[in-house]
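Dear colleague,

My notes on what was found in it follow directly after.

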Amino acid sequence: TFQDPDEVERIEAARLGVHWGLGAQLVKPAKDQPLVVVKPHYDGPAYQAGIRTGHRILEVNGISTHDRDPEEIKRLTSPSGGEGVHLLVLRWGWDAPRTFTLERRVVEVPQIRIQFFPEKIGYIKLASFGPKSAADFEKALDGLEALGMRALIFDLRDNPGGNLDQAVQIADFFLGEKARP
């Protein structure tokens, strides 16, 4: 398929965890329904403006999201920084939609999240398999082991995949080199 240079740039930026736009993961549940916020990124403009999970975006800059393709809406919210984008948002419990004005900017989404729980349980959440995932995973694992980790929860929920070589390198931490054919 043909992809214009802007689309290729967006795909590559997403693979690296850097996005231009509002800083929220959006979904369109059905063709004739508005966009729904699945997850606003904590450092993104949407979260900072008060937009939360479950909010329905009815309009972007006066254009209805009901009959638009999600990619078309992405283009409306992410072309360049410094420009404001106006959202008409509705959520359960509100009597009427509210308007939010956000500034588009670069939003870096962390690819890995680490926690250390009681009983010396380590937790690593990997958002996707990007170009440095194996190195980041090894660093996180080393840090948790230095704290005396006895068990590990490795969370791959909502991970869409990515670089196969990075996934194989991470699997090697658990399976070892001998597991490969």
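To begin with the charged side chains, lysine 125 and aspartate 155 form a salt bridge in which the closest N and O atoms are 3.9 Å apart; the term denotes a side-chain nitrogen of Lys or Arg within 4 Å of a carboxyl oxygen of Asp or Glu. Because lysine 125 belongs to strand E10 and aspartate 155 to strand E11, this pair ties together parts that are 30 residues apart in sequence. Helices (H or I, at least four residues) and strands (E, at least two) are DSSP runs, numbered from the N terminus.

Please note that this is a predicted model, in which local features need pLDDT of at least 70 and side-chain atom pairs count only at pLDDT 80 or more, while totals for chains, interfaces and linings use all residues. Residues are numbered from 1 along each chain as its sequence is written, and side-chain values use heavy atoms, with hydrogens and water left out.

The structure holds two salt bridges. In the other, the side chains of aspartate 155 and arginine 157 meet at 2.6 Å, N to O. Arginine 157, at 58%, counts as exposed. Here buried means under 20% relative accessible area, exposed over 50%, and partly exposed in between (1.4 Å probe, protein chains only).

The strands that carry lysine 125 and aspartate 155 belong to an open sheet of three strands, ordered E9-E10-E11, with mixed pairing. Strand E9 (112-117) and strand E11 (151-155) stand at the edges with a single partner strand each, so one side of each is left without a neighbour in the sheet. On average, neighbouring strands of this sheet are turned by 15° against each other, direction ignored; such angles rest on axes that are lines fitted to C-alpha atoms (for helices over the stretch in contact), and in general run from 0 to 180 degrees between N-to-C directions. Strand E10 (residues 121-126) pairs with E11 in the parallel sense over five bridges, where pairing requires that DSSP finds at least two bridges between two strands. Isoleucine 121 stands opposite alanine 151 in E11.

A further set of pairings involves strand E4 (residues 56-60). Strand E3 (residues 35-40) pairs with E4 in the antiparallel sense over two bridges, and valine 36 has arginine 56 in E4 as its bridge partner. E4 is also joined by four bridges to strand E6 (residues 84-90), the two running antiparallel. With strand E5 (residues 63-64), E4 pairs in the antiparallel sense over two bridges. Glutamate 59 has leucine 88 as its bridge partner in E6 and serine 64 as its bridge partner in E5. E4 and E5 form a hairpin with two residues between them, and asparagine 61 in the turn has a positive phi of about 50°.

Lastly, the structure holds seven aromatic pairs (rings of Phe, Tyr and Trp, the last by its six-membered ring, with centres within 6.5 Å; planes under 30 degrees apart count as stacked, over 60 as edge-to-face and the rest as tilted). Phenylalanine 137 and phenylalanine 173 form a tilted pair, 5.4 Å centre to centre with 55° between the planes. Phenylalanine 137 lies in helix H4 (residues 133-146) and phenylalanine 173 in helix H5 (residues 164-175), so the pair ties together parts that are 36 residues apart in sequence. Phenylalanine 137 is buried, with a relative accessible area of 0%, whereas phenylalanine 173 counts as partly exposed at 36%. Phe137, Phe154, Phe173 and Phe174 form one aromatic cluster.

With kind regards
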